[in-house]
Amino acid sequence: MFFPISNSHVDPIYLGVVGFLIGILGGFFGVGGSFIAGPALRLMGVDWNYAVGTDLAHIVGKSIVAARQHRTLGNVDLKLGMIMALGTIGGAEAGAQLIQALKRAGNVNTVVSWVAIVVYLGISVFMLWESQKTLKSGKGQSARKSSGVKEDHSAFGPVTEKIQGMKIWPMIRLPTSGIQEISLWTILLVAFVGGIFSGFLGGGAGYVRMPSMVYVLGIPTHLAVGTDLFEIVISASYGTFTHAIKGNVDILIALVMHTGAVIGAQIGVVATQYFAGPKIRLAFVPLPLLGVAIVIYTLITGHKL
Amino acid sequence: MKKDTAKNLRAFAVELAIYSVLVTAYFFLVLHLLGEWLYHLETQHRYTYGGVALLLIAGQAVALDAVTTLLFRFLRGRWR
């Protein structure tokens with residue numbers, strides 16, 4: 001089927017199936033699935049700038065549904081989510097401006113492909129190392145503190161404690177996440193970096209922000225998943241708008257992909273209740289690698305399937 | 001427990017089938033009715049296009065979620 005906005009031919013059933021798969025990922029891992037969606041659109045010959053903007057639009061819809069379900073399960077820290085949304089919006093605009101600069105230079109497809117390969121590979125290697133180390137140390141089970149907040153262990157625990165101990169004014173409390181005190185700037189910086197990835201590689205950049213929330217801010221994995229999705233609703237809406245006015249969004253493709261994602265997200269959210277934090281992180285490892293394989297394929301062949 | 005899982009799976013399979021038919025009809029309708037208009041907006045009025053794109057995706061999210069929730073509840077009740 002021809003999509004005139006992005007000037008591309010894509011099978012709508014293919015889009016529905018891709019949407020369904022990344023819907024499951026979104027509900028289960030709290031990530032937008034852009035490491036699959038972006039490469040999957042590239043595989044069909046959609047330019048990277050459209051893949052990035054369209055994926056952001058599709059993620060708005062998907063995150064609304066998944067965030068609402070996580071909120072029902074008590075997995076959302078609203079205060080943290082609102083603060084992070086501010087940082088992410090700034091980062092998303094910076095990322096979108098980078099895409100515009102590459103579009104003008106005429107090498108958006110090559111540069112974004114290489115950045116995607118490096119980022120997705122890095123995330124997989126790091127998550128594999130950390131989750132295996134945590135599981136081997138025998139602290140792989142989530143537990144509940146006396147306060148009722150779910151606690152899960154990470155091999156990055158000492159680093160997290162040091163970051164939480166940095167006294168850069170203003171310090172804030174996050175009782176829902178079980179954090180006594182943390183600098184506002186640390187949260188904003190984590191969100192800003194995630195926002196740059198979101199604006200540059202598309203999606204909600206949960207593959208960067210979710211691990212950052214767990215390892216840098218020390219948020220329990222279940223809360224990081226839900227809060228990340230809540231925050232993505234706000235930041236991805238901004239990202240969609242700014243990419244749309246720059247001519248990078250094919251909303252028709254996004255609408256078709258989203259129809260499959262709705263049902264996939266329901267399955268993913270229910271599945272999080274049956275796995276402990278480190279196991280969720282370990283299961284995440286092969287997914288960015290799949291995105292890497294697709295991007296390498298499009299780079300080598302230079303054309304779509 | 002196993003009986004419950006089997007019921008849920010059956011409800012889910014039926015839901016998926018009904019949902020697929022509804023969604024297929026829906027997106028062909030959307031592509032047919034809105035395609036030209038959205039293309040025109042995207043080329044001529046980018047700010048309006050940005051706002052409409054957000055409204056469409058958010059509206060679709062809420063509507064489809066309501067449909068799937070209702071379907072799931074109806075089918076689970078039917079096989080209880």
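Residues are numbered from 1 along each chain as its sequence is written, and chains are lettered from A, with ligands numbered from 1, in the order in which they are written. Because the model is predicted, local features need pLDDT of at least 70 and side-chain atom pairs count only at pLDDT 80 or more, while totals for chains, interfaces and linings use all residues.

## Confidence

The predictor gives the complex an ipTM of 0.84 and a pTM of 0.79. Per-residue confidence is given as pLDDT, on a scale from 0 to 100. Chain A has a mean pLDDT of 81, with 87% of its residues at 70 or more. Chain B averages 80, and 86% of its residues score at least 70.

Within chain A, confidence is highest in helix H4 (residues 78-105), at a mean of 91. Confidence is lowest in strand E3 (residues 143-144), at a mean of 45. Across residues 140-150 of chain A the pLDDT is below 50. Beyond near neighbours in sequence, that stretch has 23 contacts in the model. Two residues are in contact if their C-beta atoms, placed from the backbone, lie within 7 Å.

## Make-up of the chains

Secondary structure follows DSSP runs, numbered from the N terminus: helices are H or I with at least four residues, strands are E with at least two. Burial is counted from C-beta atoms placed from the backbone: a residue is buried if 20 or more other C-beta atoms lie within 10 Å of its own, exposed if 12 or fewer, and partly exposed in between.

Chain A has 12 helices and six strands. Of its 305 residues, 57% are buried. Chain B has two helices and zero strands. Of its 80 residues, 24% are buried. Among contacts in chain A between residues at least 6 apart in sequence, 80% join residues at least 24 apart.

## Interface and core

The interface brings 26 residues of chain A into contact with 25 residues of chain B. On chain A, helix H3 (48-72), helix H9 (221-245) and helix H10 (251-271) each supply at least two residues of the touching side. H10(A) gives the largest share, 10 residues. By class, this side of chain A has 18 nonpolar, eight polar and no charged residues. Here Ala, Val, Leu, Ile, Met, Phe, Trp, Tyr, Cys and Pro count as nonpolar, Asp, Glu, Lys and Arg as charged, and the others, Gly among them, as polar.

A nonpolar core is a set of buried Ala, Val, Leu, Ile, Met, Phe, Trp, Tyr and Cys residues joined through C-beta atoms within 7 Å. The largest one has 104 residues, of which A:Ile251, B:Ala53 and B:Ile57 touch the most other members. H3(A) supplies the largest share of this core, 12 residues. Leaving aside neighbours within four places in sequence, A:Ile251 contacts A:Ala57, B:Leu38, B:Ala53, B:Leu56 and B:Ile57.

The expected span of a helix is 1.5 Å times one less than its number of residues.

| Helix | Residues | Expected span | C-alpha end to end |
|---|---|---|---|
| H7(A) | 18 residues (184-201) | 26 Å | 26 Å |

The buried residues of H5(A) include A:Val108, A:Tyr120, A:Met127 and A:Glu130. Those of H7(A) include A:Ile187, A:Gly194, A:Gly195 and A:Phe197. Just after H7(A), A:Gly202 takes a positive phi of about 90°.

In H12(A), A:Leu287, A:Pro288, A:Gly291, A:Val292, A:Ile294 and A:Val295 are buried. Seen down the helix axis, they fall within an arc of 165°, so they line one face of H12(A). The arc is that of the directions from the axis to the C-beta atoms. The face turned away from the buried side carries the exposed A:Pro286, A:Ala293, A:Ile300 and A:Thr301. A:Gly302 follows H12(A), with a positive phi near 75°.

## Two single residues

A:Asn7 sits in the loop between strand E1 (2-3) and strand E2 (8-9) of chain A. Its phi is near 55°, a positive value in a residue other than glycine. A:Asn7 counts as exposed because it has 12 C-beta neighbours inside 10 Å.

B:Lys7 lies in helix H1 (residues 2-44) of chain B. With 15 C-beta neighbours inside 10 Å, B:Lys7 is partly exposed. B:Lys7 and B:Leu75 are 68 residues apart in sequence and 9.5 Å apart in space, C-alpha to C-alpha.

How values were computed: pLDDT = per-residue confidence, 0-100.
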